[in-house]
Amino acid sequence: LSSSAALEIALLRAFREAFMLPLDDVQMALLAKRAENDFVGAPVGVMDQMACTLASDGKALFLDTRSLEWKVVPLPPAAQLIVFNSGIAHNHSRGDYRTRRAECEEAARRLGVAQLRDLDLSDVPRVRELPDPLGRRARHVITEDARVLDAVRALEGGDLDVLGALFYASHDSMRDDYEVSVPEIDLIVELARSMPEVHGARLTGGGFGGSVVMLARPGTAADVAKRVSAAYTAKTGRAGTILVP
């Protein structure tokens, strides 16, 4: 899913071992982010790099990208993940991804905060006063931050219905407020939404293509993935790829 970050971390691990470099996992993630920002020119954050170097099977990574505090949150035994690649390629070094970041920075400036994460749900009325699309961009960030915290609690409590509802709400916000989805991704999410075996589904990654992650009931993931794939190809003529399971 994070092909560039995975490659960067793999290379850094090889360099660390070959040359006995005194780099810990967080330092490697920060170096990889610098490569993306300064060499490739993509204004990405550090989440993908941190996930590639710190995450482990069967666990979610809860990360504060400002303080770099992190912890792993075990996935409930009943959780089955499906990852489906739409086949739509994206490029975060140019285009709308860069525009979204600039819009968020401008919204933060107008609201008088360093970053939108300094706001919470009580600030949504203020956000609505911003001109469009800045208000919608800021509303997405604020509500998405709240959903992340709610998702951690749902994971810790093993409540997959709540977690799935958060997936759908997250996707709706990315589609409507942040506007980083595309019709093919929306189709995949709607196909998942029509299947009772699926708790929830959402776009994963920076948007404008890429993949959808779904949360399925135990023992159903393989069958759901095949049905989504067949329906997606029938409706779009595209051959999506089942990455998990």
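**Exercise 1. Where is Pro133 found?**

First, some ground rules: this is a predicted model, where local features need pLDDT of at least 70, side-chain atom pairs count only at pLDDT 80 or more, and totals for chains, interfaces and linings use all residues. Residues are numbered from 1 along each chain as its sequence is written, and side-chain values use heavy atoms, with hydrogens and water left out.

*Solution.* Go to the loop between helix 5 (124-128) and helix 6; Pro133 is found there. Helices (H or I, at least four residues) and strands (E, at least two) are DSSP runs, numbered from the N terminus. Now check the peptide bond from Asp132 to Pro133: it's cis, with omega near 10°.

**Exercise 2. Work out how helix 4 and helix 6 meet.**

*Solution.* Start with the axes, which are lines fitted to C-alpha atoms, for helices over the stretch in contact, with angles from 0 to 180 degrees between N-to-C directions. Those of helix 4 (residues 96-111) and helix 6 (residues 134-157) come within 9 Å and cross at roughly 90°. So helix 4 is roughly perpendicular to helix 6 (65 to 115 degrees; under 35 is roughly parallel, over 145 roughly antiparallel, the rest oblique).

Next, pick out the contact (heavy atoms within 4.5 Å). Helix 4 brings Arg100, Glu103, Cys104, Glu106, Ala107 and Arg110, while helix 6 brings Leu134, Arg137, Ala138 and Val141.

**Exercise 3. Describe the aromatic pair.**

*Solution.* There's one aromatic pair in the structure (rings of Phe, Tyr and Trp, its six-membered ring, with centres within 6.5 Å; planes under 30 degrees apart are stacked, over 60 edge-to-face, the rest tilted). Phe84 and Tyr232 have ring centres 5.5 Å apart and planes at 85°, so call the pair edge-to-face. Phe84 sits in strand 3 (residues 80-85) and Tyr232 in helix 9 (residues 221-236), so the pair ties together parts 148 residues apart in sequence.

Then look at accessibility: Phe84 is buried at 1% relative accessible area, and Tyr232 counts as buried at 0% (buried is under 20%, exposed over 50%, partly exposed in between; 1.4 Å probe, protein chains only).

**Exercise 4. Is Met20 buried or exposed?**

*Solution.* Find Met20 in the loop between helix 1 and helix 2 (25-40). Its relative accessible area is 73%, so Met20 is exposed. While you're there, check phi: for Met20 it's near 50°, a positive value in a residue other than glycine.

Leu68 also has a positive phi, near 65°. Leu68 lies in the loop between strand 1 (59-63) and strand 2 (70-74), and counts as partly exposed at 22% relative accessibility.
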